[in-house]
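Here is a structure to look at together, with questions about the words used to describe it and the values behind them.

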Amino acid sequence: MSITAPQGFRAAGVTAGLKASGKPDVALVVNDGPSKAAAAVFTSNRVAAAPVHWSREVVKDGRVDAVILNSGGANACTGPQGFQNTHTTAEKTAEALGVSATDVVVCSTGLIGEQLPMEKILAGIGSATAALAADGGPAAATAIMTTDSVSKQAVFTGTAADGTQFTIGGMAKGAGMLAPGLATMLVVLTTDADVPPDVLDAELRNATRLTFDRADSDGCMSTNDTVVLLASGASGAAPSAADFGAGLTQVCAELARKLIGDAEGASHDIAIRTFNAASERDAEIVSRAVARSNLFKTAIFGKDPNWGRVLSAVGTTDAAFEPDQLNVSMNGVQICRNGSIGDDRNLVDLEPREVLVEIDLQAGAAEATILTNDLTHDYVHENSAYSS
């Protein structure tokens, strides 16, 4: 259940002293090949962190040898010194591994607006290099956690047309500031399939579009979001783009669900499905509008099936629909029918953690689902009392 499940990868997670808690805070993932193919997607936030600027350049040639990650500091909004610190991190990692710094992706997460304690980072790189192991994936997944309560990992095993098997592994961190525009949070994906960089890039972008891009916890987009995909080719399997993409999407979908399931302070995991839309875009913007409605999210926290708050959010979009043809169901009960009163809202059971909201636009055949969570007292407390 980790990024070291595929052949050809080693990983480590160590404590470098970046976190006051003393918990692990530096992770390293190394691709031992034979292939070093890679692709990545990053935050679309215009205020991007120094590691994002660095790593965008690293992946342009489709090769990545290693990913070095730290929690306990975002290295965002830190000026030229912050970028130099990222460069130094890559150089130190490259020196320890015997690779080029321009083939090292750097990821950071934590408090925005403070310089990293480089003496601790550099010592942590040495410790992580020494701890690299073929079963080190779980330790790496733990080391990238910030406000996460659990580590997040997923694995998929598939079969190519010639019968050879390949594996895809993934780890993710994120519990707040989850509202991507292209990627999300910090995610490392690995595979032992033999897949060229251009296919990795295309399939990664499609997978993130359908999964991480549709995980919207609190409407707040991070400055550090990175999803990087490494392919070692060590299994010898060469699956079709479609078969590889299906497995990759499955891993990303599982990680996205785990991110929402661990959202800060949440007591409900909510899937908002909009269907019978004129286009996939319409379905997505309608579901996202509801997901970002604080009135809706607080109603779910209060276990109140207030469908009026759903309709008012739908009405703010430019999606194609007629107001008097909207239907809304919660957990299988159609409480709004044709834009008006449906079944008794008291029939809706919002005690379970899982909530399904279905919005029927009666305007076409497309659909999309956004994953979100409720807005609770605990979320407000955590984000008022903790810098993240």
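The questions and answers below go through a few terms one by one. This is a predicted model, in which local features need pLDDT of at least 70 and side-chain atom pairs count only at pLDDT 80 or more, while totals for chains, interfaces and linings use all residues. Residues are numbered from 1 along each chain as its sequence is written, and side-chain values use heavy atoms, with hydrogens and water left out.

Q: Why is T86 called buried?
A: T86, which has its place in helix 2 (residues 79–97), has a relative accessible area of 2%; buried means under 20%, exposed over 50% and partly exposed in between, with a 1.4 Å probe and protein chains only, so T86 is buried.

Q: What makes the pair of F156 and F166 tilted?
A: Rings of Phe, Tyr and Trp (its six-membered ring) pair if their centres lie within 6.5 Å, and planes under 30 degrees apart count as stacked, over 60 as edge-to-face and the rest as tilted. The centres of F156 and F166 are 6.1 Å apart with 55° between the planes, and therefore the pair is tilted.

Q: Which aromatic cluster includes F156 and F166?
A: F156 and F166 form one aromatic cluster together with F244.

How values were computed:
Helix = DSSP H or I, 4+ residues; strand = E, 2+ residues; numbered from the N terminus.
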